[in-house]
Amino acid sequence: MKKKLKKGNLVKILNVHMKSDLGILIKQGYGAAEGPQYMITRDEWLVHLTDGREVWLWTNEITNVED
């Protein structure tokens, strides 16, 4: 059973193009937009990767490590 994602969770990165394979969820995207240049949706998460970068990833590109 897949657990619900929430801030602070350790997640595995499923996107094969990412160099990191683990990260920590920082925050979930907002409804319409986070700013005029971004269209961040509720289906995206800001993830702090183990290599120090922070990137927005779609919900289907990450999963809880415990799953």
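Student: What does the accessible surface of the protein chain come to?
Tutor: This is a predicted model, in which local features need pLDDT of at least 70 and side-chain atom pairs count only at pLDDT 80 or more, while totals for chains, interfaces and linings use all residues. Residues are numbered from 1 along each chain as its sequence is written, and side-chain values use heavy atoms, with hydrogens and water left out. Accessible areas come from the Shrake-Rupley method with a 1.4 Å probe, and for residues only the protein chains shown count as cover. Carbon and sulfur atoms hold 56% of the accessible surface of the protein chain, and that surface comes to about 4700 Å².

Student: Which elements does the protein chain contain, and in what order do they run from the N terminus on?
Tutor: Helices (H or I, at least four residues) and strands (E, at least two) are DSSP runs, numbered from the N terminus. By that rule the protein chain has zero helices and five strands, and from the N terminus on the elements run β-β-β-β-β.

Student: In what order do the five strands stand in the open sheet, and which are its edge strands?
Tutor: Two strands pair if DSSP finds at least two bridges between them, and here the pairing is antiparallel, with the strands in the order 4-3-2-1-5. Each edge strand pairs on one side only, and the two are strand 4 (54-58) and strand 5 (62-64).

Student: Which residue of strand 3 stands opposite Leu-25?
Tutor: Strand 2 (residues 22-28) and strand 3 (residues 44-49) run antiparallel and are joined by five bridges. Along strand 3, Gly-23 has Leu-49 as its bridge partner, whereas the residue opposite Leu-25 is Val-47.

Student: Which residue in the hairpin of strand 3 and strand 4 takes a positive phi?
Tutor: Strand 3 and strand 4 pair in the antiparallel sense over five bridges, and His-48 stands opposite Glu-54 in strand 4. Their hairpin has four residues between the strands, and the residue with a positive phi, near 100°, is Gly-52.

Student: Why is strand 3 described as largely enclosed by the rest of the structure?
Tutor: Buried means under 20% relative accessible area, exposed means over 50%, and partly exposed lies in between (1.4 Å probe, protein chains only). Strand 3 is largely enclosed because the number of its six residues that are buried is five.

Student: Is Trp-45 buried or exposed?
Tutor: Trp-45 has its place in strand 3, and its contacts (heavy atoms within 4.5 Å), leaving aside neighbours within four places in sequence, include Leu-5, Leu-25, Val-55, Trp-56 and Ile-62. Trp-45 and Trp-56 are 11 residues apart in sequence and 5.4 Å apart in space, C-alpha to C-alpha. Because its relative accessibility is 5%, Trp-45 counts as buried.

Student: How far apart in space are Leu-10 and Glu-66, C-alpha to C-alpha?
Tutor: Leu-10 lies in strand 1 (residues 10-13), and with a relative accessible area of 37% it is partly exposed. Not counting residues up to four places away in sequence, Leu-10 touches Gly-23, Ile-24, Asn-64 and Val-65. Although Leu-10 and Glu-66 are 56 residues apart in sequence, their distance in space, C-alpha to C-alpha, is 8.5 Å.
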